Amino acid sequence: MKLLNGKTVIITGASRGIGNEIARTFAKNGSNVAFTYSSSEAPALALEQELKELGVKAKAYKSNAASFQDAQDLVAEVIKEFDSIDVLINNAGITKDNLLMRISEEDFDKVIEVNLKSVFNMTKAVQRTMLKQRQGSIINMSSVVGVKGNAGQTNYAASKAGIIGFTKSVALELGSRNIRCNAIAPGFIETEMTEKLNPEAIQGWRDSIPLKRGGTPEDVANACVFLASNMSAYVTGQVLHVDGGMLT
């Protein structure tokens with residue numbers, strides 16, 4: 001059974017990592033997929049082709065979610081191409097880690113803009129369409145770091161904690177129109193980025209997690225499918241931890 005048959009999703013930042021796997025998993029579950037990328041055009045076009053081969057409608061859009069106008073323009077184009085928007089996944093994000101004493105104002109502002117303001121931009125842009133449809137599911141990618149903090153990541157932690165507050169507020173505002181808004185807080189997810197880290201450090205993280213392994217992008221994608229599908233029809237305003245028990 002395909003849980004998302006006939007639905008249309010917008011995913012920001014899907015040309016690599018977790019976003020890439022979310023796009024693939026949604027297509028396998030029957031969803032049409034519109035997704036954005038910032039600079040990696042070749043991987044984005046390859047993903048678009050791969051999704052089409054799974055039998056769904058798919059399109060890559062070069063768009064900067066941190067730009068209010070880009071978000072408005074993107075949603076207008078997706079509506080023209082796909083007719084509806086049933087699910088929004090705010091996945092675009094960056095890190096610029098440093099200790100507070102060394103972090104620059106520019107690096108603080110950039111992370112807030114890309115990680116947090118993009119969520120406002122995209123949610124604002126899809127709101128009118130979802131209100132007209134009287135249904136929709138918005139899924140915002142937070143992090144365990146937004147829940148518990150992390151030394152050297154004040155900017156990232158602030159952005160991800162802000163997403164949680166934003167998510168709960170949107171759930172309260174739009175619930176009466178059958179629009180749900182939830183957040184996912186991934187823990188240690190193993191992607192191409194983590195492959196560059198010290199193997200001993202990675203094993204140390206795995207050992208500290210109750211399930212004794214790092215998460216996979218597919219673990220996060222499956223949680224997104226649940227929150228996007230009718231299986232979670234009575235779930236809104238929640239933060240779903242996909243962390244192997246890290247914060248238990």
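Predicted model: local features only at pLDDT ≥ 70, side-chain atom pairs only at ≥ 80, totals over all residues.
Residues are numbered from 1 along each chain as its sequence is written. Local features need pLDDT of at least 70 and side-chain atom pairs count only at pLDDT 80 or more, while totals for chains, interfaces and linings use all residues, and side-chain values use heavy atoms, with hydrogens and water left out.

Helices (H or I, at least four residues) and strands (E, at least two) are DSSP runs, numbered from the N terminus. Strands count as paired if DSSP finds at least two bridges between them. On that basis, seven strands make up an open sheet, ordered S3-S2-S1-S4-S5-S6-S7, with parallel pairing. Strands S3 (58–62) and S7 (239–242) sit at the edges with a single partner strand each, so one side of each has no neighbour in the sheet. On average, neighbouring strands are turned by 20 degrees against each other, direction ignored (axes are lines fitted to C-alpha atoms, for helices over the stretch in contact, and angles run from 0 to 180 degrees between N-to-C directions).

Strand S2 (residues 32–37) runs parallel to S3, joined to it by five bridges. Here Phe 35 stands opposite Ala 60 in S3. Across S2 and S3 lies helix H2 (residues 41–52), running at about 175 degrees to S2.

Then there is helix H4 (residues 105–133). Its buried residues (under 20% relative accessible area, 1.4 Å probe, protein chains only) include Val 111, Asn 115 and Met 130. The buried residues of H4 pack against several elements, among them strand S1 (8–11) and helix H6 (154–174). Just after H4, Arg 134 takes a positive phi of about 55 degrees.

Notes
Contact = heavy atoms within 4.5 Å. Buried < 20%, exposed > 50% of the residue type's maximum accessible area, 1.4 Å probe, protein only.
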